[in-house]
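Here is a brief report on a predicted model. It covers a pocket, a residue and a sheet.

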Amino acid sequence: MLDRSGSMHGWKMAAARRAAARIVDTLTPADRFTVLAFDNSVETPPELPPGLVDATDRNKFRTVRHLSTLESRGGTDMLPALQLATTALSEDESRERVLVLVTDGQVGNEDQILQSLGSIRVHTIGIDTAVNAAFLRRLATVTGGRCELVESEDRLDEAMRHIHHRIGTPLVTDLAVRSAGLQVDEDSLTPARLPDLFAGAPVVISGRYTGDGDGAVLVEGRDWRTTVSAVPSDNDSLPASWARARIRDLEDRYVIQDSGQAELEREIVDVSLRFHVLSRFTAFVAVDPRVVNESGQLHQVLQPVELPHGWAAGGFGAAPAGFAAPGGFAVAGGFAPPPAPAMAAAPMMAKRSRRSAPEAPLPSTVARYLTVVLKQLGRLATRPEAERLAHLATLAEDIERRLDGFRAAGLSETAVRKLRALAAELAQPTDLDDLWQRAVEVLEALAGQRPSFWKR
């Protein structure tokens, strides 16, 4: 799967094409493959039939030729491409099924994507200086794959060598860890799905034990086993390191499973509080008894965030659907940092208000897009009339094109209707100054809803 969305423009698109072509070139006649290039739509090599094809020299040549023509465009709609890929790979479950995803990872429906994976091993290649590394590592870990990050073209060859080792036949499959004197809690092992063992690719497994720490563990797989003796360590970070990995496993199960969420939530909170590690249900709380704003009045300040290196600021086509750039809003006024606050991990509880219920939280991807659009409107407010009119027309087309992606990301129907109505107004401008101000007011009103990063 190759991401060809607008956020992949420039050197990232060239590196992604090279990465995909190198993977195709390494395939043998015994392999079957397909290539899915996705943005708002999914595209396959036109000279090849749909579904998996034999990795013959002719098919590989046609595919590499097609890859050389791909350019960045449109938004990032990864889920339909992923569903097509898993369907194709499910046709023959007797083979080793591998999915290689080349992307910058800028999506807004991460949990939904994780739910659609099934039992396919996914290797991720993240290409960008501002890659969504947490999501891509999570995707690879859950499926037993490997994540490689490519921050520049100089790193591409090394990353592709690592991925090539993982695409080949594994040395050992069906890994398991058993007690051999050291009383290992097998339920505590992480990652929950132990990966296969490949040449040149170490596997790190962590877990907890009971007793005095003497003895050994048995590491075994299909037609292979070895015994590893326990070695004491005074590294105080080991418990927290295990707890972070354990919480990641539990949170992924929370997202993927259809039942048992309440029990998983309790276990996640228990591990988080016991080992002082954050989770989606806990937060660090700073308590400062000083009153630094006796009036209690606040004012809202728009806090722009610069685009990461390599991201284009001009033109709407360079940004993925539902995502434009990191950024957000900060509320300031009467706030001062405490000199030395006490920090504690605690369950995060929602507080019900007696006021009218707020609108649905604005998806973070939409909020980021609105932040960049508002910044552009502010920067162009004093430009000549012809340039501003052209900008509004482009903005109208861009908003209309992104609405389906915004809805899929979770934007409320009320907000979608407001954006559609604004796009219609911008497409037929009357009084330029009034319409410019109208656009700013509508977008600021929508962006005033802070993104929801938590379950409740």
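## Second largest pocket

The space inside is about 880 Å³.

Helices α1 (11-26), α3 (78-89) and α6 each give at least two lining residues. So do strands β2 (32-33) and β6 (98-103).

## Ile163 in helix α6

Helix α6 spans residues 156-167, and Ile163 is part of it. Is Ile163 buried or exposed? Its relative accessibility is 0%, so Ile163 counts as buried.

Which residues touch Ile163, leaving aside neighbours within four places in sequence? They are His123, Thr124, Ile125, Arg146 and Glu148. Val100 is 63 residues from Ile163 in sequence. In space, the C-alpha atoms of Ile163 and Val100 are 8.7 Å apart.

## The β9-β12-β13 sheet

Three strands make up an open, antiparallel sheet, ordered β9-β12-β13. The edges are β9 (176-180) and β13 (224-229). Each edge strand has a single partner, so one of its sides has no neighbour in the sheet. From one strand to the next, the twist averages 25 degrees.

Strand β12 covers residues 216-221. Five bridges join β12 to β9 in the antiparallel sense. Within this sheet, Val177 sits opposite Val219 of β12.

Notes: Residues numbered from 1 in each chain as written. Predicted model: local features only at pLDDT ≥ 70, side-chain atom pairs only at ≥ 80, totals over all residues. Heavy atoms only, no water. Helix = DSSP H or I, 4+ residues; strand = E, 2+ residues; numbered from the N terminus. Buried < 20%, exposed > 50% of the residue type's maximum accessible area, 1.4 Å probe, protein only. Contact = heavy atoms within 4.5 Å. Pairing = 2+ DSSP bridges. Axes fitted to C-alpha atoms, helices over the stretch in contact; angles between N-to-C directions. 1 Å grid on protein atoms, 1.4 Å probe; cavity = no way out; pocket = protein on both sides within 12 Å on 5 of 7 lines; lining within 4 Å. Points joined across faces, edges and corners; volume = space filled by probe spheres on them.
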